[in-house]
Amino acid sequence: MFNDYDELLVNLYRCVRDSPDELKKEMEYILNSRTDFQYMKELIRGKAPMPNTKRAAYFYALIRFSYGSGADDYGGKPHSMWNAYPMIDAACHRLQRVIIENKPYDKLITQYDRPDTFFYCDPPYYKSEFYPGGNFKKEDHKILADLLCSIKGKFLLSYNDCEEIRELFNRPGILVERVTRLSNLGLVYEKGKEYPELFISNYDTREFLNSCVQMSLFKEYTNQIIGEREIIYDRLNEIHSCTPGDI
């Protein structure tokens, strides 16, 4: 199951899964130019009526042609949309049995939580990201922490490394790790540029570290190699007794 609160991203994934050929047809002659970028951006932001596949194609183009994949500022770098076709076909195959949701995180986690459920959560980073539509506010960081610390299933959470998040998850039954990985944006200016993150979980992640393969619609990744790794808090063996509001 895949969930995101961004309707444009959810529409893109649904089109990749259900209408890949129509999506590629819409992408075929999109031009990489500042004028076309602004035109597509205005249509998308203005919520102009258009077929879902065209909206998905424009949104994908904004991501690929923008600076830092932020879909806001034109990046001015050469890129052919045709290069994305193999990734779209692979993602279409992978998504055939995937449920695609568009729900607030708290409602989704509550609905799908089971003893055998695994949640990977990638919330907006603390004090580091703009929250589209105001749907994720500062207090939501604590609400998410309280919710995840009380679920029946397992979770893995990625965050930026900051003292507030470290302390927020310093709870019984929780593992907090500091890791570094390559910064895709930073590599443009500095070879080998890395940035620190936190991995937070209610299980021991060491068995699977560096063993997963990541599929992406935007990068041809094979895997995400984790560099430096440091345990910040390991409280997995303590009795899990945290309740909402207990920090």
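A nonpolar core is taken here as a set of buried Ala, Val, Leu, Ile, Met, Phe, Trp, Tyr and Cys residues joined through side-chain atoms within 4.5 Å, where buried denotes under 20% relative accessible area (1.4 Å probe, protein chains only). The model is predicted, with local features requiring pLDDT of at least 70 and side-chain atom pairs counted only at pLDDT 80 or more, whereas totals for chains, interfaces and linings use all residues. Residues are numbered from 1 along each chain as its sequence is written, and side-chain values use heavy atoms, with hydrogens and water left out.

The largest nonpolar core comprises 37 residues, of which Leu 12, Val 16, Leu 23, Met 27, Tyr 60, Phe 65 and Leu 217 touch the most other members. Two or more residues each are given to this core by α1 (7-18), α2 (20-27), α3 (34-45), α4 (52-65) and α5 (85-95), helices being DSSP runs of H or I of at least four residues and strands runs of E of at least two, numbered from the N terminus. The greatest contribution, nine residues, comes from α4. A second, separate core of 26 residues includes Phe 119, Tyr 126, Ile 174 and Ile 232.

Strand β3 runs parallel to β4 (residues 154-160), to which four bridges join it (pairing requires at least two DSSP bridges). Tyr 120 has Leu 156 of β4 as its bridge partner.

Note on methods:
Buried means under 20% relative accessible area, exposed over 50%, partly exposed in between (1.4 Å probe, protein chains only).
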